[in-house]
Amino acid sequence: MKYKHLFFDLDHTLWDFERNSSESLTEVFHQMALSDHGVSSLDAFVQSFLKINTALWDAFDRGKLHHTYIRENRFKMVFEELGTECPPNHTEIGEFYLNSLPTKKHLLAGALNLLNHTSSAGYGMHIITNGFNEIQAKKIASSEIGHFFEHIITFENANAKKPDRRIFEFALETANATPQDSLMIGDNWIADVMGAKQAGMDTVYYNPAGLQFDESPTYDIRRLEELMLIL
């Protein structure tokens, strides 16, 4: 095998963030009675959150924001975009969402088939994520994929976040791997692909939207199961 170690991103690559988040936001909407606070449309609430949350995490990946800013402000920004006064219990709403989200179990299409294939093939498998230790561990447990992975590398235990090459170097050292025998798989061009490339690793860009950039990853796939044809 050309590669011995596979490093996966978690959110948006294996774990279906949009579906799981939508389920949790639906619970938030009903349990926190957001219609009483002027949020009349569940769909508008979900779509606004997903758009704002994506933009905030993109800014985080670019080093412009801290995690705490996202957690403290994203629901404020959602209410503002919806033209609704932010309720005084917005912190409680945020905590409700964070408690609900990691209990969701949905994986992206093809993820389980891919993990079964690569595990059976004997690859060392690991996760590199910018998420929090506790929350990511719950997501992995809820979706029942923990047995596939030898190491879970987070920004907390690496003391660095993607795309900083230090988190990839920490992951390689932890897994006793080298850049030459390792492959990074992720959906985020900046954090996953460019970050791993700076660390000397080959990359798989999970790119269902068919986005194009000036540089090229080692492999570009639209469906996760395409990776089974490569490995």
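Modeller: Accessible areas come from the Shrake-Rupley method with a 1.4 Å probe, and for residues only the protein chains shown count as cover. The model is a predicted one, in which local features need pLDDT of at least 70 and side-chain atom pairs count only at pLDDT 80 or more, while totals for chains, interfaces and linings use all residues. Residues are numbered from 1 along each chain as its sequence is written, and side-chain values use heavy atoms, with hydrogens and water left out.

Colleague: What share of the accessible surface of the chain belongs to carbon and sulfur atoms?

Modeller: The accessible surface of the chain comes to about 11000 Å². Of that area, the part belonging to carbon and sulfur atoms is 48%.

Colleague: Which residue forms an aromatic pair with Phe 8?

Modeller: Rings of Phe, Tyr and Trp (its six-membered ring) pair if their centres lie within 6.5 Å, and planes under 30 degrees apart count as stacked, over 60 as edge-to-face and the rest as tilted. Here the centres are 6.0 Å apart with 75 degrees between the planes, which is edge-to-face. The partner of Phe 8 is Phe 149.

Colleague: Is Phe 8 buried or exposed?

Modeller: Buried means under 20% relative accessible area, exposed over 50%, and partly exposed in between (1.4 Å probe, protein chains only). Since the relative accessibility of Phe 8 is 0%, this residue counts as buried.

Colleague: Which residues do ring pairs link into a cluster?

Modeller: The structure holds 13 aromatic pairs. Ring pairs join five residues into a cluster, namely Phe 29, Phe 45, Phe 49, Phe 75 and Tyr 97.
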